Amino acid sequence: MSIGTAESLRQGARQRTRSCATALVCHRCEHSWPLEQSVFICPDCGKGLDVVYDYELAARHFAEVAPAERPHNIWHFEELLPIVDAGAQARVGRYAGYTPLIAADRLGAELGIANLYIKDDSSSRPSFSYKDRVVSMSIARLLELGREEIGCVSTGNVGTAVASLAARAGVSAYVVYPNRLENTKARGCMALGAKVCQVEGNYDEANRRCREVAEATGMEFANITLRPFYAEGAKTAAFEIVEQLGWNAPDHIVSPAAGGTLSSRVHKGLIELEKMGLAETESTHIHIAQPSGCNPIASAILAEEAEVHPVMPETAAHSLAIGAPGDGYLVIDAVHKRGGTAAFASDPEIFAGIDLLAATEGLLTEPAGGTTIAVLEKLAAAGRFDSDETVVAIITGNGMKTLDDHPPKQWPAKIDCERDAMMTALDELKASESLMDAARRQLEP
Ligand SMILES: [Zn+2]
């Protein structure tokens, strides 16, 4: 889907997407740069950059093509995405994004939430996590720049998304993994053809060093030098949720937080839908879920502080183990403006959250998803949701990738392949505790 306009001249002979992006702007001092410029951090104040749009033009373009005629992928709302080169866009993310919004009746009944939905990014293509959304933007931007190599630093899911989307686009991928990662994810990266470099040090240390490597070598990093573009992919989750609810914004969104990209850009996405006149989104509350062992954003929110104090992560939720979250201050601002809150969950509660989602909705999520469900349980128990309100919980990653890290379930001894022995074993299994009961027992206050 592309249009020919005068702006396409600026892009040489390339066909232009319908993107209405206009500039890069600093989060804090509002310094701005042309979209074409390779800049990812404000040289004046050191803060990150945001992509801004011509919302009037975007609303006009959006009205020209009915939602049903738009691609059901990451580019569904291309007017509000930063990629202008149609050729680059066509090579990335054709099957990414646009994940199901699942009416979670059985989980809702367990938690006492009448209108509960799961935004299921654990089923995202191609790499089974929400990172497909953000990395799609990075890879498309890389192609716009005419580059053929991409690096990233990852707690797990960014790596698999980069490996997968880069392979499809014909780009070489280099993944830097810090300590204590989920092994299956690193093996997944290599199986997809990425070159993997493991470093001693946690995510925050690896992230700092990768920035130095990027500066010294000129290599683009998906979640560092391409960050303004990367971050834009996250807001597509908000666009989809509102459209999937019939252009009604939910009353509450519960999101896990690591670096803070997802929840801060869900906030941005809701604002943009309001600016476009597509939905009234002002009253949506955003709540943050973090593990007890790495909760710098949640702690700052609960202490009513404007800045995050870094922590040393110690949690089984490796994909949330970012102790110095780059977008933490944006999350605090978003939660504050939207009248939301934050809560955290211990490792046993996180795994009980995984089990409860599995036993009720048949969805196997990773510890980040378990964190969200455990926090959802706490917020419901604390009376944060009225009975007529709509609640959406975002499940960001797939548990098939992290099974090696889950506490082992009791595994019955092998028996003879013989009828009576099998019937006896079946009776014993019937008498054993169900996954649901075990999860409820763990989550009880
Ligand atoms: Zn600035």
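Two residues count as being in contact if their C-beta atoms, placed from the backbone, lie within 7 Å. With that in hand, here's a look at the chain: among its contacts between residues at least 6 apart in sequence, 69% join residues at least 24 apart.

What you're looking at is a predicted model, so to speak of a local feature here takes a pLDDT of at least 70, side-chain atom pairs count only at pLDDT 80 or more, and totals for chains, interfaces and linings use all residues. Residues are numbered from 1 along each chain as its sequence is written.

How confident is the predictor? On pLDDT, its confidence in each residue from 0 to 100, the chain has a mean of 94, and 97% of its residues reach 70 or more. Over residues 1-11, though, the pLDDT is below 50, and this stretch has 17 contacts in the model beyond near neighbours in sequence.

**Overall build**

The chain has 17 helices and 13 strands; these are DSSP runs numbered from the N terminus, with helices being H or I of at least four residues and strands being E of at least two. Along its principal axes, the C-alpha trace spans about 75 × 50 × 45 Å. A compact globule of 445 residues would have a radius of gyration near 22 Å, and the chain agrees with its 22 Å. That radius is taken over C-alpha atoms, and the globule rule is 2.2 Å times the number of residues to the power 0.38.

Buried residues make up 54% of the 445. A residue is buried if 20 or more other C-beta atoms lie within 10 Å of its own, exposed if 12 or fewer, and partly exposed in between.

The domain assignment, which is automatic or from a database, gives domain 1 (7-94 + 129-230) and domain 2 (101-125 + 235-405). Their C-alpha centres lie 22 Å apart. Domain 1 puts 28 residues into the contact and domain 2 puts in 30. On the domain 1 side, helix 2 (55-64), helix 5 (131-144), helix 7 (183-191) and helix 8 (203-217) each give two or more residues.

The largest nonpolar core has 128 residues, and V162, V175 and I297 have the most contacts inside it. Such a core is a set of buried Ala, Val, Leu, Ile, Met, Phe, Trp, Tyr and Cys residues joined through C-beta atoms within 7 Å. This core draws at least three residues from each of domain 1 and domain 2.

Most residues other than glycine have a negative phi, and most peptide bonds are trans.

| Residue | Phi | C-beta neighbours inside 10 Å |
|---|---|---|
| Y98 | near 50° | 21 |
| F128 | near 65° | 23 |

Y98 lies in the loop between helix 3 (86-90) and strand 4 (101-103), while F128 is in the loop between strand 5 and helix 5. P126 also has its place in the loop between strand 5 (115-120) and helix 5, and the peptide bond from R125 to P126 is cis, with omega near 0°.

**Out at W411**

Is W411 buried or exposed? W411 is exposed, because 6 other C-beta atoms lie within 10 Å. The loop holding W411 runs between strand 13 (390-395) and helix 16 (419-431).

Technical notes: pLDDT = per-residue confidence, 0-100.
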